Structures are given as structure tokens and as C-alpha cells.
Number of protein chains: 4
Amino acid sequence: MIKAGVVGFTGYTGAEVVACLARHPQVEITSLAGRMDTPVKYADLFPKMGKVVTQVCRKIDVDEISASCDVVFLALPHTVSMDYVPLFLERGKKVIDLSADYRLSADEYQKWFKTEHKDQNNLMKAVYGLPELNRRSIQGASLIANPGCYVTSVLLGTLPIAKMIAKNGITPIVDSKSGATGAGKKAETSLLFSEVDEDLKCYKADTHQHIPEMEKILGQAAGQRVQVHFVPHLLSIKRGILSTIYIKDAELPSAQEIHGMYEKFYKDEPFVRVRQIGDLPRIADVEGTNFCDIGITVSRGLLIIVSVIDNLLKGASGQAVQNMNIMCGFDERAGLL
Amino acid sequence: MIKAGVVGFTGYTGAEVVACLARHPQVEITSLAGRMDTPVKYADLFPKMGKVVTQVCRKIDVDEISASCDVVFLALPHTVSMDYVPLFLERGKKVIDLSADYRLSADEYQKWFKTEHKDQNNLMKAVYGLPELNRRSIQGASLIANPGCYVTSVLLGTLPIAKMIAKNGITPIVDSKSGATGAGKKAETSLLFSEVDEDLKCYKADTHQHIPEMEKILGQAAGQRVQVHFVPHLLSIKRGILSTIYIKDAELPSAQEIHGMYEKFYKDEPFVRVRQIGDLPRIADVEGTNFCDIGITVSRGLLIIVSVIDNLLKGASGQAVQNMNIMCGFDERAGLL
Amino acid sequence: MIKAGVVGFTGYTGAEVVACLARHPQVEITSLAGRMDTPVKYADLFPKMGKVVTQVCRKIDVDEISASCDVVFLALPHTVSMDYVPLFLERGKKVIDLSADYRLSADEYQKWFKTEHKDQNNLMKAVYGLPELNRRSIQGASLIANPGCYVTSVLLGTLPIAKMIAKNGITPIVDSKSGATGAGKKAETSLLFSEVDEDLKCYKADTHQHIPEMEKILGQAAGQRVQVHFVPHLLSIKRGILSTIYIKDAELPSAQEIHGMYEKFYKDEPFVRVRQIGDLPRIADVEGTNFCDIGITVSRGLLIIVSVIDNLLKGASGQAVQNMNIMCGFDERAGLL
Amino acid sequence: MIKAGVVGFTGYTGAEVVACLARHPQVEITSLAGRMDTPVKYADLFPKMGKVVTQVCRKIDVDEISASCDVVFLALPHTVSMDYVPLFLERGKKVIDLSADYRLSADEYQKWFKTEHKDQNNLMKAVYGLPELNRRSIQGASLIANPGCYVTSVLLGTLPIAKMIAKNGITPIVDSKSGATGAGKKAETSLLFSEVDEDLKCYKADTHQHIPEMEKILGQAAGQRVQVHFVPHLLSIKRGILSTIYIKDAELPSAQEIHGMYEKFYKDEPFVRVRQIGDLPRIADVEGTNFCDIGITVSRGLLIIVSVIDNLLKGASGQAVQNMNIMCGFDERAGLL
């Protein structure tokens, strides 16, 4: 039994971490903190959790949180998280950071987020929390940079063939589609129900701030620089990401060979399910779960990979709890099935 | 051919007025004005209207608008409209006001909108723009108070039996359900797609600011005070209102008699369709149209009336154009089929 | 640890029972049976359950199922269930029936389902599985008639005041709104996405086959006959029921008194949450949970009660598992939080 | 004023043709025919059209229809249409066929639809009804093969660069997303609201029966054979197609040059709107209209084209009426704005 705290709960990912922890048989939630003046019962803010989460939310007090927790989840905005991470690390806490603050190099961070990184020392120690790639490092980590949602869907869809992509000089074209919770809980007219409903739009075509993260990790796995064309779309659904990944290659191996690479790579993974060749997963197959489902088909020299996740679970909070399970030596699936 | 202007186009009703007028064979849009600093092509703000509306939007200049228009539609927020109405009336323009500013008595207005009415003189001259009730007065009116969306659905569903309701001392119970455009285009987290989608909620139960309007008009039609219990719900759809109206009465006439009252009342109406007894309309039947469909059934001493409209058309902008058609002597359906 | 079987899994409620049982710490799923010719892995039919449910589905063989199970859940169509219930009871199994076959008297059943009841002997022994009403009887039952979804929302919304309703001779008016899974998984054009999406419709107004069930149970609780006006609507959402219940009564107690009755009635209930006066729940508050949330407000002599449930959980499969927990002496919340 | 008939109205495209014709100032609907035994008022089948379409539907009687119509729209299933087309042509009628029966060569037809073409004589005379490509031929045609919905979105998105594509040996990768009405009004469980809602799925990846149509027409425009990778996805919205088209080319011209090709190609088109470079259209921009909006951006050697249409209007019925307008010498936009 460990004690966990969640800092930042007004957004969708913080609330989802709380929901996962509340179901977790080996975790006690000992702290809920966020921007607020006076303490409030969590269930008064989130009536859905009435009779489930009985704790009180308080303002962020690093000492108080550290005194009561073994692990701290940070669900804070980008550029804010790096103010808190060093404080919790100094106090000996394990930290799982859901923001983008510890995923890129200092240079790339400055380039994409237009601000200097304030905690470059810890940045170098952070472990990128994709269990399928870094399980061993996660076990001993004290700071986890939890992957982005789009990035998770793209990496899990391409890692088994990363070396092949790099060797053949391919730039995958990724056409991603995400539910609206991926855009967060911001009061913007463009995110209103009446604007998003019954619509589909393409945005930040090949200019999204998640691109450097996918290129960095895929490049590390391939052992050389890899480029990715990434074109996201906003769906009129709440949850889920489906990435359709196109690899056009004159020297493509057979569907069977490629499928074999995926099956081998994910053989023992508890949360990745590789389908039979030609059987493509849909978002409904993973909605509300921590699974990533992957389908593969080859047609006329084109490899098509479909990768689906729930953006709030495997794409954020579920993966964060999976990382905690690994760090703490629990069954990796605890609280997540 | 008349010249029309629309003041206020950032909300949903203003845009819908523009769309109706653009289709109208006897109207030229000569002015589009709103809160803005520099002129912009309308189609740059609303790409949907590219190659349809070629006009430029400008800031609100009463003299300029008056110089170019015969009729002015005001799609401004409540309490703002009454600043502009007298200015356009002074300049001899016909005004159709889509706000709530000219629908209530000065006393009721102050009670419900918490501010004194600033244009009580014109308030007394305003004609309530429900054609099915006031067609003759609308013909000669210079100021139309265009009805509220919920109110239109409730009034059209009850007017034929207003006297019976009043005589028997009944308080109808109205359970209304509205699409999200009814809440306007405000940047509030409670109206985000991720909050409204897949949800249904009841709000302002029997305390909604539309209640005095329905009670006032229904009372006028009945010749005596009438109360209405009104309980609105927010649907996760874009457009449409369905009001289920319950009349529990020990002395209820037969279904045939009641149905006869509706058929008679709406006999010559171009935009009301009374269904056969027991045939209840759905929102899809009127979505995108200016119709109000009405169904009636009687069961175990309970009269159930279902009234559906498109909240942006018959509930707002379509009705405004219908009023314009009446004021100008056009075919009442022009631009609306 | 008990062994459970599910008979009938092609519909939505069967699949939901399987999902709940798969999460349940004290249950082993030992049989999955349905109309099929050859055995198939469950996860091949429901890819969402890959790596979670590893069992194989087989055709319905009463002896085989009985040999492997302690408890059998029947998720079969109405009028089919009563063919199987006696066979499992004879073999000493505990049976939880999700159909309507054991909820009404033989006479009422014949009247509403247009067919004679074939198992009247067991019909008399069946316990109506609403834990908040019948917990003690459920503990010792061998056959549970699991309540209907609409009925659950209406009963939980009215049971605390059943005697008051009966004594004052009130007929509650219930305006219910249900997500589309409530209509089942039938290949009918009226249930197509393109028909239901962005629509709302009222159907079977005060003639729905769930009415006798709510009147029977409410009458039993009140100690005398009670009538209910029930008007259902089909929402364009997947899951959830919101019932708005209207009680118009000249002698209504105060809101505080009424609220006190609800708080007292549900004081120790694990799955009912009574809100503060005037705080009305929405479907999102219970979606994906086994909770029923209840809100109360009083306005101008009208009591308005809003009751929300997830139709597939508290309205069907979750309640079925709650009943199993009670029958087996488990924590009532096991597998359901 | 011409007389028009619609054969087949139970599907979504037939109903949409009727709606367009009902608004058309120069058309009288003189015949509505389909599979039915006894005549029924159209508005009884489609209450939405009450007080708008007053005609009666009858069974298909070729002589009767021909006697009353100048133009006949066929909204029949593939493989059925070719039974009727020759009959109407023999009787001197202009025919606009919305099925796939006259879009492919006899060989390709047999290959993709698994049945021999029964009307190869007329097949050779049919004009492919894409006004932006074939306006002149459409003017004099007696038989129009109205394009498929996906195909329209892909062709309009690529025609201006067809020669460049062919010359450089590029195979465009098209990731299309369509609303559910594109799948028709078939009673299949996979199309139920509860299955489609909140989901996204990829289907028939690069094997869809629309591929030969796009390759044929694009090849004709390019003057040589062109291949297209086409991967469709089913959206949980009702209407609209967004195709994201990827052209990866080492010798790509500049964004300005490419944009210039589009602007030039569509300079005088009433229903194509080319956006500024980098401004990508969304489905909402064309929903309910006959427009095709096109956006273009270039990034790191990849040309990305986004093309959006309303699948039932520019993708089917609106385009059919546009073709009729051209054949009859009307303003091409009549009935379509």
C-alpha cells in the first residue's frame, strides 16, 4: 500500500488519474491539491466521485503534500510543471509528470514552447514513461516524463519497425484523429459543443508541438534520426485517438514479416494487442481502457498501420498509473482493468 | 426588393438571420454591423458563406446603417438591444429585435433581468412577433419583439387551448429539451463539447427567465392569468427544441375535441403542422426548417402535447424573417422553404 | 470465489454483465453461452475484451452450464427467458434473470406481452431485485427478477415518498429520457445512427410496457394501488437515463421535509446518492457507474425529482451483479466501483 | 419550368434530391416512384416535407413516369439502376443516375461489382457528371453518371494537379473520413447509433469499390494511368466527407505555384472554393451546402490537400441537381443556395 498525491485536478487528465487511483487496490490517495483558496471536498467539485473519493482538495503546499505522499502525480499545464518537479524530487518523492516539460531536450523545448527550460538538471534524469520501450529504466526512476497522447499512439504503432523505417529512409505519414478531451478543458468558443459537434477538422497540419517528441523517441529506438509527418484532426467524440500511419516503401517486406515484427515486439505486453493481418481496430475497442490496439494491412506497396488508444488512459492518466505500478513493483495492470 | 441590415452577427441567431436573408428573393442585405474595429469581409469570418454573402461587416454606426436599410434586425444581447432600438425607430426604420428586451412589461423586465428598462416608451408600442397570434398587428408594426425559442415551442403547443387551461385552473407542466445552440456562443467550460456530449441535464427547473414571457402571452390569449411550470433540459445535439406539455385535468375533453381545436386554430398557418392524434413529432422533422410540428395524445386523464421547432429558425431567426415578410407584404414563406 | 455463467451475450446487457464479472475479485467466469453453432473465443466477438476475457462461448447446453456454474445470469429476450429459468433452478443454480419475464403477475404479463406465462410456479417465487427495497429477500433468493432500466430510475426516484403519493391520491408524471442502448441491439432502420443522431423523440407516451412494473412495485411499497404516467423519450446518446418526475400536490410538505425522507430512506445505500436540495444531477454524473443520483426541488406547489442512472449498469447489468453480491454475501460494491 | 421525376426515395440520396427539387424555382416534381404496393402521400413517409411536398408516391411504372417527366433522377441501388436506364432513354427522357452503374468501363464494373453489365450500349454514351471537369459534355448529355461521394471529394482535391501527379509518378495517399449517411439506410447492426456513436473506424483500407472510379477519371484528366491509395474511415457524424490527401514528392513545386494551379482551375466554378494557403476547411463549412472547399499546405516536402463536401449534396443529390441545371440551361446554382 502506497500513498499517492495528485497535483492539479481541474483538467481531464488529473480527474482521470484520481479515478484510476480510487480503483487501485494498493494505493491510498493522501493528497489532492490544486489552485484554490479554501479546501473543498473533491466530490463537491466532481459529483461523479461521490461515495468513491471522500478526500478534500487543498491548495498546493509542497511540504504538506510531500509529508503525506510516496508518489506525486503532476497534472499541471506545460511550463508550470517544471516549477514543482524539483521541489518534490528534493523531498525524495517519486514524481510522474503528465505535462510536456520533461519530454524534450532543453533546446527542442525552447524551440517549441518558446521559453527556456528552468530545470535542466532534472530534465536529463527524467525517464520517458513508455513502458513498452523503457520498462527497465522506469523501475528505478524517480522522475517520469509521461508521454503525450498522440505520441503514444504513433510510437506504439511504429516502434517495432523503427529500424526498418530509418534504414530505408522513410518518413511515415501519420493521419491522426482525436476526441475533444485531448484539447483540454479550456473555455474557448472553438471547443464549444455547438462548434465541434457534427464537424471534423484538420489542424496544425505537420506543425503540431508533439512532432519533436515522436521524432526524438522514434529516432532513439531506430538508432538514427527519423522524421515523421504528423497531421492531427479533431473528432466530434469525447475520447479516443485513431492514428492511421502510412509507410510507402519500394522495398516493403511482406505483410506476414511485418506482422511478425509487431507480434514479437509486443509479445509480453499487458496493454498492447496486435490484431490479425487486415483486422483494423476501432476507437470503441479501447475506449475506457488502457489498451493500445494495432492493426496492419499492406496494399499495393503501402503499409497501413492503425493504432488506437483512449487518449485519457493509455494516452495520459492510465499510462501514468501503469508507470507507477512499474516503479512500485505492483502488477502492471493493477487499477487499470 | 427591400434593403435589410443585421446588427450583431457573432452569435448563432445573427448568423442564421444572414443565412435566411441571403436566400430571400426579395431582400438585399445592405448592412452587416457588430462589435469590431476594422471592416472585414463576412465570408472571412464565416467561411461557410463564401460565394454566397459578399458583404463587408463594419462597426455599428446607427446613421450609416439607417441610411442603407429599410429593415434592421437586432441580434444583440439582452439589455444591450434597448440602447439601439430607439435610435433606429427615430430614424424611421422597421426594427425586429431578437433579444428579450421588448417582450415583458417594464416591471417584469426589471424583476427578471435585474435592471431597469431604459426604453419604456417603445416597449409599449412593440408588437410580440408570433405570427400565429398577432399577424394583423405585425403587418403594421414598426418594432417587433421576436419571441424566445422555448416560449415559441410552448405557446404554439398551448395557444389553441389557452382558454380551456385558464377556465379549468390548470397549470401546464412543460418539460422542454433544447439543443446546445440555444445556450448561445459563450466561452464557458460548461458548454464545451467534452462536457455536453453524451450528457443530459435539467437546469433552472421552474425558474427560467422565459417563464414570465410564456405566462404573459398565454394569459393574454386566455383572457386571464395563467401559470406555467417550465423545466428545461440541455440536450447533446446542436439544434432543436422538443417540449412535452402535460395537462392533467379531471374534466378533459376527448382527444378528438382537443385535436379539433388545434386543427381549427392552425388551419391556415403556413408554418404549423398538426399531426394526427397519437402521432408525435420528433426534432428531426423540423430541423433546418421554420416549421412547428405538434402532436397530441390523451391517456388516462392526461393530455400530452409534443411541440417541436428548430430553435434557431422558428425559435429565433426564421421567425424574425417570417415577421419581416408579414411587415413587408411578402409571401410569408419567402426565404424560409 | 464463485463460478458464474452468462447465457445470452449478443445484446448490450449480456456484454455488460461479462465486463462487470471480469473485474470482480471473487468471481470466475466459467461459462459463456448463446445462440451459436460452433464455439468461438469471446474476445474474437468482442475485441474490446481481448487479454481480459479469455473464455470461449458455446451454444446453450443447460447441463453443461449447470455443471460449471454456481450462479447463472440470463440476458435473453423477453418470453425466451422463461424457457430456461426452470431448467437452471431444477439443477440447483441461483438464477438472475435480466428479462421482464419474472417481474409481473401472470395476468399482467399476459396483458402486456400478449402471451401466456409458461412458468407461473417460479414466477411466484421470484424476488424483485431492487436492493434498496428487497435486500433481505434477495439474500436468500434463488431466482432474481432483475428490474427494468426505466423502472429502476422511477422507483428509486419515488420510493421514499410512495406512501405520501398514495395517501394524497397523486399520479406522478414521469418524463424519462434514455440513451439508445436502452433500445437494444436490433437491426432496425429507426435505430440507425443516421436516424437517431441529432434527434430527440417521444415514443409510447404513457403506453410503455414498463408501466405495470413500476405501478406494481410502487403500489406494494405504498400499501395501495398507485398510478404512474410514464412518457419516455429516445436521446441521441449511448448510455444513461434521466427521469424528471413531477408531483403536483396541493398539500405538499416542505422541500426540507421531502428531502429528509430521501436522506433517511437511502441513508445506508452504497449506490444511491441524494443531492442537496435544488442540486439536480446529470447523466454524466453516473455514466459508467452503478450509482443512482437523485435531486429534488420544489417550486410553486410542484415537487420535481430528477433521477439519473446508467441504463446498462444500475439499470440492468450492474444491478444484476449487485444482486449477486448480496446473494453470495460479498461486499455489495465488489466489481462495481 | 421542367417536369422532374425521382425513382427510388427510400434511401438518403433520393430524399435529398426531392428536397432540392422542392426548393427549385424552375422545376415541378411530377412523379415520385419506388418499391411500394399502394400509393402513399410523400409527406406521410417523410413528415419533414409536410406542407412542402404534396405529391403522392407510386410504384415504378416506366410509361407513367415517362409520360409526366422531362428528366428522371434514379436513386436506385447499384445493379438495379441499369435495368431502368435504357427504358427511360428509349422513351426520350433525360436520365441522371445516382448509382455506380454507369461510372466504370464494363470490365471494371464486372471486376468490382461481380456481375456483368447489362446495358453496355448506354454505358458508352453516359457522361460522367462532374461539372468542374465535363460541363460542356453534360450540357448535351441524355444520360449522366452522377459521381460517387468519396470520388467527388478526391477528384476535386486532385484534378488541378492531375498531370503533375502523373508526370512525377506519384501515388496520392487519400485518408478520407465520411459521415454515416454515406453508408446508406440499411438495417445493419454495425450501423446502429449505439455502435457508431463516439467511435471512429477505418474500413476497406485501399480496397474500396470507389477506387477504380477515382483512378479512371483522374487518369483521363492526366492523360495517363494514375494510381490512388484510398483509405476511408466512418465518422460518428451524419453528413460530410473530409479527405486529407498526401502527395509526397521530391520535386514538389512551391506552395504558391500549387495554389495558383487550384485557383486557376476553379476560377469560375460556382461550387468550389479554394482557401488561402494554409487555411484548411472543415466539414461544418460545407454541411448542408453544395460547395466543395479546398485547402492546401506544404510542409517538409509533403503537399497536404484537404477537401470537404457534404456527401449527400455535392457528393450525390446536390451534384445531380447541378447536372440537371446544366442540362436544362438553368442558372447552375438554382435550387442549391
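## Helix packing, domains and chain contacts

Helix 8 of chain D crosses helix 11 of chain D in a right-handed manner; a crossing is right-handed if the near helix is turned clockwise from the far one by less than a right angle, and left-handed if anticlockwise. The model is a predicted one, in which local features need pLDDT of at least 70 and side-chain atom pairs count only at pLDDT 80 or more, while totals for chains, interfaces and linings use all residues. Residues are numbered from 1 along each chain as its sequence is written, and chains are lettered from A and ligands numbered from 1 in the order in which they are written.

Helices (H or I, at least four residues) and strands (E, at least two) are DSSP runs, numbered from the N terminus. Two packed helices are described by the angle between their axes and the distance between the axes. Here axes are lines fitted to C-alpha atoms, for helices over the stretch in contact, and angles run from 0 to 180 degrees between N-to-C directions. The table gives the two helix pairs.

| Helix pair | Angle | Axis distance |
|---|---|---|
| Helix 8 (residues 149-158) and helix 11 (residues 211-222) of chain D | about 30° | 10 Å |
| Helix 1 (residues 12-23) and helix 13 (residues 313-328) of chain A | about 45° | 9 Å |

Helix 8 and helix 11 of chain D are therefore roughly parallel to each other, whereas helix 1 of chain A is oblique to helix 13 of chain A. Angles under 35 degrees count as roughly parallel, over 145 as roughly antiparallel, 65 to 115 as roughly perpendicular and the rest as oblique.

In chain D, the contact is formed by D:V151, D:V154, D:L155 and D:T158 of helix 8 with D:E213, D:M214, D:I217 and D:L218 of helix 11. Residues are in contact if their C-beta atoms, placed from the backbone, lie within 7 Å. This contact has six nonpolar, one polar and one charged residues. Ala, Val, Leu, Ile, Met, Phe, Trp, Tyr, Cys and Pro count as nonpolar, Asp, Glu, Lys and Arg as charged, and the others, Gly among them, as polar.

The crossing of helix 1 and helix 13 of chain A is right-handed. Helix 1 of chain A contributes A:T13, A:E16, A:V17, A:C20 and A:L21, and helix 13 of chain A contributes A:L313, A:A316, A:S317, A:G318, A:A320 and A:V321. By class, these are seven nonpolar, three polar and one charged.

Chain A is assigned domain 1 (2-125) and domain 2 (150-311), with bounds from an automatic or database domain assignment. The C-alpha centres of the two domains of chain A lie 27 Å apart. Seven residues of domain 1 of chain A are in contact with seven residues of domain 2 of chain A. The domain 1 side of that contact has three nonpolar, two polar and two charged residues.

Between chains, 34 residues of chain A are in contact with 34 residues of chain D. Strand 12 (241-248) of chain A is among the elements giving two or more residues to the chain A side, and strand 12 gives the most, with four residues. The chain A side divides into 15 nonpolar, eight polar and 11 charged residues. A rotation of 180° with 0.0 Å of shift along its axis superposes chain A on chain D (RMSD 0.0 Å), by least squares on the C-alpha atoms of residues with pLDDT of at least 70 in both copies. Of the contact residues of chain A, 100% recur in chain D.

For chain D and chain B, 14 residues of chain D are in contact with 14 residues of chain B. The chain D side has six nonpolar, two polar and six charged residues. Chain D is superposed on chain B by a rotation of 180° with 0.0 Å of shift along its axis (RMSD 0.0 Å), and the two copies are thus related as by a two-fold rotation axis.

Terms used:
Two residues are in contact if their C-beta atoms, placed from the backbone, lie within 7 Å.
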